[in-house]
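This briefing is meant to be read with the sequence and the model side by side.

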Amino acid sequence: MSLPAVVPAPASIEAGSGAPFRLSSATGLAGDTDAAAALAGIIAACTGLTLQTGSGGGIELRIDPSTGSGTGTGGRPESYRIAVDEASVVITGADAAGLFYGVQTLGQLLVRDGDAWSVPAVTIDDAPRFAYRGVMLDVARHFHPVETVTGYIDRAASLKLNALHLHLTDDQGWRIQLDSRPELTARASATAVGGDAGGFYTKDQYREIVAYAASRHMIVVPEVDMPGHTHAVGLAYPELAEDPTISDHMRDIIRDYGGEEPRPGVPYDGMAVGFSSLKVHDEATYDFVADVFGELAAMTPGPYLHFGGDESLSTSDEDFALFVARVSEIVADLGKTPVAWHEAGAAPGIADTTIGQYWGYRTPQEGMAEKARAFVDNGGQLILSPADAIYLDMKYPEPSSGAAAPEPGLTWANGPTSVERAYSWEPSAVIPGVDESGILGIEAPLWTETIRTAADIDVMAFPRAAAAAEAAWSPATGASDLRTWASFRERVGALGPLWTSMGIGFHPTDEIPWVAE
Ligand code: TNX
C-alpha cells in the first residue's frame, strides 16, 4: 500500500492496516484551542465541512513534552506525532509549534472518499532536521502590501517554515518607518524598480506582520542592507552616502534591461547592484546604524537582525572589513544575533556570534566557500541559500511542450532553475568542511526586481519553496527512502488540490505529475 503524500517528507511514516477515519460534520474537534481553530480552517477550506469544535469523539489535539518518546523524534522542539485509525485522529505536539505542524500535515492527509472525506490509517513521528527554515521576501525592489506578506506567511507555515526574512531596504527604496530617522520613508520610499509605485510599512504594520507570523510559529528577520545597496539612504540623508560608482556591470545592466545611471539625490529604479556605499569613515554613519537597528530590535521579538553586507562592490575591502566589524558589534550589543550575507565572512573583526547566509551555488565558486566557512570557524553558523537551487526569483525552464514558463524571473544563477534542480542537493555537502552542526538552516530568497504582484510570488515560490522546505525539515538525502526526486515529485503533485483550496496560484510545471482532485 502506498504511503500518504506529505511534504516536507516526515522523519517517519507508517501506513496502518485498518480502515480510514471518516470525516463528517458530526466529527468532533477537541483539545488545544489554537490548533483546533487552525485545523478547522484548513478542513473547511479543503472540504467545506464545519467540524464541531470543543467536542470529543473524533479528532484530538494535545501538547505533551514527551511526545514521540522512544522514537527518533522523541521530545524534540517542534516535533509531533499523528496516529490515525478508524475510530480517531490524535495529534500530539511536543510544544505548540509541533502541534501546529501536525495540523499542517493532517491537512495534507485529507483524501476525497466518494462524496465524503477521510484520513488514511497512518502513524507519523516527525521533527525538523534544521532549527532555521526560512523564506525571504524582497519588499524593496517592489513593495508588497501587508496582506501579501501575511498570505506568504500562511503559505510558508503550511510547509513548516519558521522564519520570514524581510529585505526591507535597497537602492530602490526604504520600506520601514522609523521615528529616529523620519526622512527615510518621507523621501526614499515612493518608487520601485521600473518606475512602479513604492510604499512602506508603518511601525504598526510591521508589528502586525510580526504578530501574524508569531501566530503561525514564525519569526521575522528584518534586513537593512549595508554598506552597499544604500542609494535610498542617500536620498534621505545625503551626508551619509558616497556618490554612486558607475561600473562596467552597471553599463551591462543598462544595455540588457534599460534604465538610467544612478545619480545622487535621484531615486534609482533600475536593476544594477554594487554602486552605492555608506560613508565608512564618518561617525555619523554609525549613529545612523545604531538608531536604525535600535528601533528594529525593539519591534522584533525574534533573535536575529540582518545587516546585509552583500555586493558592496564600490566599498574597498579594507573599508568593508572595518564597517562589518563595527556594525556586527552594534547589533550584538543590542542583544541580537547578527546575520550577514556570506561576503562579510571575509572581515576579520566580525562579531563571533554572526550567522552567515551563503548565496553561492551548490558547488561553490571561487572564494565563496572560504568566506562562508569563516563564520563557522569564528563560532557562528550558516544559513544556506544556494542561488542555483533555491533562489525563487530565477526563471523556470521553458517546458518541453505546451504552455510557456511563467513570465517573471532572472537567469544569472546558472540559467533557469527547474524544480528538480531546486530539490536535488544535500545541505551538508555544499561547503567543504561545514557539516550539519555548522548549519543553522536553509532559506529560499525571493528577490523582486521582476516580481510585482502576489500572483507573481505564488507562481515563483510554488512548487520550488516546497523543495527548499524539504531540504530544511526532512532527513538528509540517503537517510530516508522518501528523500528522492522521484518521491518528491509524486508527493508534491498530490498537493495540487490542497494548494488550490488555499488559493495558491502555483506553477503547474510539467516536471510534476499533478493530481486533479
Ligand atoms: C543578488 S544574492 C543579490 C540581490 C539581487 C539578486 C537577484 C544577493 C545577496 N544579492 O541584490 O536582488 O541577486 O537575483
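This is a predicted model: local features need pLDDT of at least 70, side-chain atom pairs count only at pLDDT 80 or more; totals for chains, interfaces and linings use all residues.

**A buried helix end and its surroundings**

Leu-109 is found in helix α2, which covers residues 96–109.

- With a relative accessible area of 1%, Leu-109 is buried, because buried is taken to mean a value under 20%.
- Leaving aside residues up to four places away in sequence, Leu-109 touches Pro-4, Val-6, Ile-82, Ser-118, Val-119, Pro-120, Val-122 and Ile-124.
- Leu-109 and Ala-494 are 385 residues apart in sequence, while their C-alpha atoms are 9.9 Å apart in space.

**An exposed loop residue**

- Ala-197 is found in the loop that lies between α4 (183–188) and α5 (203–215).
- Ala-197 has a relative accessible area of 63% and is therefore exposed, the cut-off for that word being over 50%.
- When residues up to four places away in sequence are not counted, Ala-197 touches Ala-190, Thr-191 and Ala-192.
- The C-alpha atoms of Ala-197 and Phe-143 are separated by 7.8 Å, although the two residues are 54 residues apart along the chain.

**The three-stranded open sheet**

- An open sheet of 3 strands has the order β2-β9-β8, and its pairing is antiparallel.
- At the edges of this sheet stand β2 (21–23) and β8 (111–113), each with a single partner strand, so one side of each is left without a neighbour in the sheet.
- Neighbouring strands of this sheet are turned by 45 degrees against each other on average, direction ignored.
- The pairing of β8 with strand β9 (residues 116–119) is antiparallel and runs over 3 bridges, and Asp-113 stands opposite Ala-116 in β9.

**Strand β10 and its partners**

- Strand β10 (residues 122–126) is mostly covered, with 4 of its 5 residues buried.
- Strand β1 (residues 12–15) pairs with β10 in the antiparallel sense over 4 bridges, and the bridge partner of Glu-14 in β10 is Thr-123.
- Strand β6 (residues 80–84) also runs antiparallel to β10, to which 5 bridges join it, and Ala-83 likewise stands opposite Thr-123 in β10.

**The closed barrel**

- A closed barrel of 8 strands, with parallel pairing, runs β11-β12-β15-β16-β17-β18-β19-β20.
- Strand β12 (residues 163–167) pairs with β15 in the parallel sense over 5 bridges, and the bridge partner of Leu-166 in β15 is Pro-222.
- Helix α8 lies across β15 and β16, and runs at about 170 degrees to β15.

- Helix α9 (residues 317–333) has 17 residues and should span 24 Å at 1.5 Å a residue, which agrees with the 24 Å between its end C-alpha atoms.
- The buried residues in α9 are Phe-320, Ala-321, Phe-323, Val-324, Ala-325, Val-327, Ser-328, Ile-330 and Val-331.
- Among the elements that cover these buried residues of α9 are β15 (219–226), α8 (283–299), β16 (304–308) and β17 (337–341).
- The axes of α8 and α9 come within 10 Å and cross at roughly 35 degrees, and α8 passes α9 in a right-handed crossing.
- On the α8 side the contact is made by Glu-283, Thr-285, Tyr-286, Val-289, Ala-290 and Phe-293, and on the α9 side by Leu-322, Phe-323, Arg-326, Val-327, Ile-330 and Val-331.
- The residues of this contact between α8 and α9 divide into 9 nonpolar, 1 polar and 2 charged.
- After α9 comes Gly-335, whose phi is positive, near 85 degrees.

**Helix α15**

- In helix α15 (residues 485–493), the residues Trp-485, Ser-487, Phe-488, Arg-491, Val-492 and Gly-493 are buried.

Conventions. Residues are numbered from 1 along each chain as its sequence is written. Side-chain values use heavy atoms; hydrogens and water are left out. Helices (H or I, at least four residues) and strands (E, at least two) are DSSP runs, numbered from the N terminus. The expected span of a helix is 1.5 Å times one less than its number of residues. Buried means under 20% relative accessible area, exposed over 50%, partly exposed in between (1.4 Å probe, protein chains only). Contact means heavy atoms within 4.5 Å. Axes are lines fitted to C-alpha atoms, for helices over the stretch in contact, and angles run from 0 to 180 degrees between N-to-C directions. A crossing is left-handed if the near helix is turned anticlockwise from the far one by less than a right angle, and right-handed if clockwise. Ala, Val, Leu, Ile, Met, Phe, Trp, Tyr, Cys and Pro count as nonpolar, Asp, Glu, Lys and Arg as charged, and the others, Gly among them, as polar. Two strands pair if DSSP finds at least two bridges between them.
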